[in-house]
Amino acid sequence: MGEPEAQHEASAGAPSGQDRPPRREPPRGKKPGSSRGTLIGIAGAIVIAAIAGVVVVPNIVRDKPPVVGEESTLEVLVPADINAALPTLDPGTSKAAVDDAKNCKAPLAWVTLTQRNGHGGMVRVRSGQYLSPPIKLTPTPQRVAVPYPAPYPVGRGVLTLVGEADQVGFYLRPGGISDVNGTYSVNVRWQVRNPCPS
């Protein structure tokens with residue numbers, strides 16, 4: 001057989017695959033590119049979980065008492081309640097805040113304190129530069145007036161419960177902060193609005 005005939009036979013046999021190494025098939029159940037699809041599926045699941053977290057978690061957290069670092073709402077003391085709240089204020093350092101509240105410049109705020117589980121003692125509330133007089137805790141909740149801890153238009157500040165009493169019920173909204181021991185600070189916010197709506 002001549003050389004051209006041998007080449008013809010070899011090329012004729014080439015399509016049968018006898019002269020090429022056998023092609024490797026992917027393992028059973030796997031198709032080429034399936035790992036890319038898996039990664040896309042995982043990324044999609046993470047995005048969906050993140051969206052659900054943004055929508056659902058705030059509603060869950062909103063129903064629980066705040067902890068350090070979270071913000072509670074400081075409530076406005078309505079003008080009609082100012083005179084009744086005067087005994088809870090320090091007369092020497094709160095005069096300007098009381099005058100501002102009565103003249104509709106900036107309202108006063110209030111918190112509720114109570115003695116829990118038979119424990120008691122004396123506490124004070126620090127609101128900015130203001131420090132309340134000592135408050136004797138009782139099982140009956142007491143509404144305590146305080147000036148806002150920052151200029152009223154700021155809308156945010158820090159309240160601090162000061163004292164050695166333990167298991168103090170210190171109530172703000174949402175929820176409440178209870179069983180506070182010793183000194184305790186909480187971030188507060190308030191809605192800035194007309195102090196004396198007409």
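Student: Which side chain meets Asp81 in a salt bridge?
Tutor: Arg143, at 3.1 Å, N to O. A salt bridge here is a side-chain nitrogen of Lys or Arg within 4 Å of a carboxyl oxygen of Asp or Glu. Note that this is a predicted model: local features need pLDDT of at least 70, side-chain atom pairs count only at pLDDT 80 or more, and totals for chains, interfaces and linings use all residues. Residues are numbered from 1 along each chain as its sequence is written, and side-chain values use heavy atoms, leaving out hydrogens and water.
Student: What does the pair tie together?
Tutor: Asp81 sits in the loop between strand 2 (75-77) and helix 3 (82-85), and Arg143 in strand 7 (residues 142-146), so the bridge ties together parts 62 residues apart in sequence. Helices (H or I, at least four residues) and strands (E, at least two) are DSSP runs, numbered from the N terminus.
Student: How many salt bridges does the structure hold?
Tutor: Two. Asp99 also pairs with Lys95, with the closest N and O atoms 3.0 Å apart. Both lie in helix 4 (residues 95-102), four residues apart, about one turn of the helix. Lys95 is exposed at 52%.
Student: New topic. Where does Leu39 lie?
Tutor: In helix 2 (residues 34-62). Leu39 is exposed, at 59% relative accessibility.

Technical notes: Buried means under 20% relative accessible area, exposed over 50%, partly exposed in between (1.4 Å probe, protein chains only).
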